Amino acid sequence: MDGNAWLKALNKLLTMVQRVVLLSGWFLAALVLGLTIKSGLQPFLAMFLASLLVIISVLVHEGGHYLGARWCGMPVLQVRIAAVELQALRRGWRLRWSPQLKRNRLGGYVMAASNPQRPLRGQWMVVALSGPLLNLLVGGAALGLGLGLHWQGVPAAMALAFAVINLVMGVGNLLPAWRVSPSDGMLLLSWYVHRDDQRPELAQARLLALTVAGVPSAQLPAQDLERLARGAMPEPLVAFGYRLNARQDQGDWLEVLQMEQELDELLAARAGELTGMSVLIELLRGELVFSRAYLQRDASILKGLPLGADVDWYAPWLRPRCLALQAILEGDRQQGEAYVQQALQAAQSCVVLSQGKSEALLAEHLRALPGP
């Protein structure tokens with residue numbers, strides 16, 4: 001058996017162990033609650049309460065990742081707790097109910113950008129460790145509280161059940177396994193052995209950090225953009241988006257129009273790798289439709305533009321900008337300016353600082369359009 005096969009077998013084993021460990025936390029918590037709380041609704045009441053404590057423990061876990069990221073000066077972009085998705089704004093948060101796939105419904109994540117002023121290794125090790133660490137700390141505190149109550153009554157049972165789930169979640173997430181995504185333990189291990197911040201596979205992390213810090217797409221390192229374009233999906237689509245945005249900012253509308261065929265060719269060449277990328281593709285097509293309508297001065301192109309709720313969530317400036325262009329081309333500059341202001345407000349609220357700069361340039365392009 002070769003080394004790669006051994007690694008796959010080891011990962012499969014560790015994944016199974018992780019699942020057993022995490023499931024045992026829920027089972028033990030339900031058992032403690034079921035043996036303590038007397039009710040005609042048992043065992044369903046104990047199972048429900050244990051599941052509720054799991055969600056709270058996920059909140060603790062992701063809260064640890066969030067605190068770790070902020071402690072390192074990393075901008076947090078998005079947080080998910082079970083079916084609740086939160087998007088960070090420059091002031092406050094946006095929230096929506098967005099259920100995940102069945103296998104991930106009780107999961108969560110924190111999406112953050114690297115701090116370009118610090119080495120990547122240290123900050124990402126802190127982020128990876130902080131989630132399980134907070135689970136262990138909260139679990140230890142809950143265990144002390146439960147034991148201090150002398151195992152008596154519902155409060156003690158709830159504290160002990162919460163302790164079990166947090167302790168198991170902390171330990172389970174530190175196991176270096178890889179399922180849909182790497183565990184915290186796997187991330188911690190990979191960053192521990194990491195030494196070179198300029199590795200080609202970190203191109204997307206470097207570009208995201210610069211974009212969030214306010215570097216316009218036209219000024220991003222060409223070498224990293226080329227690396228991204230040659231990578232696995234969705235990296236080529238992300239690289240395409242950066243180049244599209246740069247040309248829009250510069251007003252190279254003829255160049256943008258030629259990118260429509262380029263996108264079609266890219267999607268055809270990578271047709272087998274597009275699972276889960278429909279929102280990104282819809283967003284890119286929306287930007288291309290906007291650009292074609294701008295270049296051709298044709299408002300009818302924008303009518304019935306299919307932008308879904310996910311696009312409005314991730315790019316809330318796109319729809320009002322399209323409506324602004326449509327209104328201006330139809331001769332209603334007052335309404336067009338109102339939509340421009342909506343797009344600017346949405347972009348300037350975004351924690352990705354380059355987005356506000358880009359939308360301001362596009363607003364000037366719209367205002368410079370001659371009357372019908």
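Keep in mind that the model is predicted.

**A salt bridge across the chain**
- D310 and R96 pair up through their side chains, with N to O at 2.8 Å.
- This pair ties together distant parts of the chain: D310 sits in helix α11 (residues 309-314) and R96 in strand β3 (residues 93-97), 214 residues apart.
- R96 is buried, because its relative accessible area is 16% and the cut-off for buried is under 20%.
- D310, at 32%, is partly exposed.
- Both belong to a network of salt bridges that links R80, E85, R96 and D310.

- R367 bridges to E364, and their closest N and O atoms are 2.9 Å apart.
- Helix α14 (residues 353-367) holds both R367 and E364, which are three residues apart, or about one turn of the helix.
- R367 comes out partly exposed at 31%, and E364 is partly exposed too, at 45%.

**The nonpolar patch**
- L7, L10, L13 and V17 make a nonpolar surface patch of about 370 Å².
- One of these, L10, lies in helix α1 (residues 3-36).
- L10 has 45% relative accessibility, so this leucine counts as partly exposed.

Methods
Residues numbered from 1 in each chain as written. Predicted model: local features only at pLDDT ≥ 70, side-chain atom pairs only at ≥ 80, totals over all residues. Heavy atoms only, no water. Patch = residues over 30% accessible without salt bridge, like charges linked within 9 Å, V, L, I, M, F, W, Y side chains within 5 Å. Areas by Shrake-Rupley, 256 points an atom, 1.4 Å probe, with all protein chains shown as cover. Salt bridge = Lys/Arg side-chain N within 4 Å of Asp/Glu carboxyl O. Helix = DSSP H or I, 4+ residues; strand = E, 2+ residues; numbered from the N terminus. Buried < 20%, exposed > 50% of the residue type's maximum accessible area, 1.4 Å probe, protein only.
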